[in-house]
Amino acid sequence: QVQLVESGGGLVQAGGSLTLSCAASGIIFSAKTIYWYRQAPGKQREWIATITSIGLTNYADSVKGRFTISRDNAKNTVYLQMNSLKPEDTAVYYCNKQPLIPWGKGTQVTVSS
């Protein structure tokens, strides 16, 4: 059974940093492109970052220059390093692949002003 589990969220002040993790099981992780998404209260879920199997990355404009996606295939884990956090980054963060699998619980990130 394919499973992706997010962790690492928390409460941080504006300007602070957090690192999220996405741990995978049940898939040949190293061959998969992994995506990070987020959903803020009252808003639709939005894509924010991608990392391919060979480490190519892409970011939404809203996070470009502040967030960094990376992967450790030996640990079956993708990371999202988030710097210079803003209150508008407050959301539940999710990871997934394509085709999508059922969404996990995500991890809550709250940025206070």
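Rings of Phe, Tyr and Trp (its six-membered ring) count as a pair if their centres lie within 6.5 Å; planes under 30 degrees apart are stacked, over 60 edge-to-face, and the rest tilted. A search of the whole structure finds three aromatic pairs. In one of them, the ring centres of Tyr-37 and Trp-103 lie 5.0 Å apart with planes at 90°, so this pair is edge-to-face. The pair links distant parts of the chain, 66 residues apart: Tyr-37 sits in strand β4 (residues 34–39), and Trp-103 in the loop between β9 (91–96) and β10 (107–112). Tyr-94 and Trp-103 also form an edge-to-face pair, with 5.7 Å centre to centre and 75° between the planes. Ring pairs join Tyr-35, Tyr-37, Tyr-94 and Trp-103 into a cluster.

This is a predicted model, in which local features need pLDDT of at least 70 and side-chain atom pairs count only at pLDDT 80 or more, while totals for chains, interfaces and linings use all residues. Residues are numbered from 1 along each chain as its sequence is written, and side-chain values use heavy atoms, with hydrogens and water left out.

How exposed are these residues? Buried means under 20% relative accessible area, exposed over 50%, and partly exposed in between (1.4 Å probe, protein chains only).

| Residue | Relative accessible area | Class |
|---|---|---|
| Tyr-37 | 10% | buried |
| Tyr-94 | 9% | buried |
| Trp-103 | 30% | partly exposed |
| Leu-11 | 66% | exposed |

Leu-11 belongs to strand β2 (residues 10–13). Leaving aside neighbours within four places in sequence, Leu-11 is in contact (heavy atoms within 4.5 Å) with Thr-110 and Ser-112. Gln-108 is 97 residues away from Leu-11 in sequence, but 8.3 Å away in space, C-alpha to C-alpha.

Now the whole chain. The protein chain has zero helices and ten strands. Both are DSSP runs numbered from the N terminus: helices are H or I, at least four residues, and strands are E, at least two. Of the 113 residues, 42% count as buried. Among contacts with a separation of 6 or more, 52% join residues 24 or more positions apart. The C-alpha trace spans about 40 × 25 × 20 Å along its principal axes.

The side chains also carry charge. There are 11 positive and 6 negative ones, and the centres of the two sets lie 5 Å apart. Lys and Arg count as positive, Asp and Glu as negative; His and the chain ends are not counted. Each charge is placed at NZ of Lys, CZ of Arg, CG of Asp or CD of Glu.
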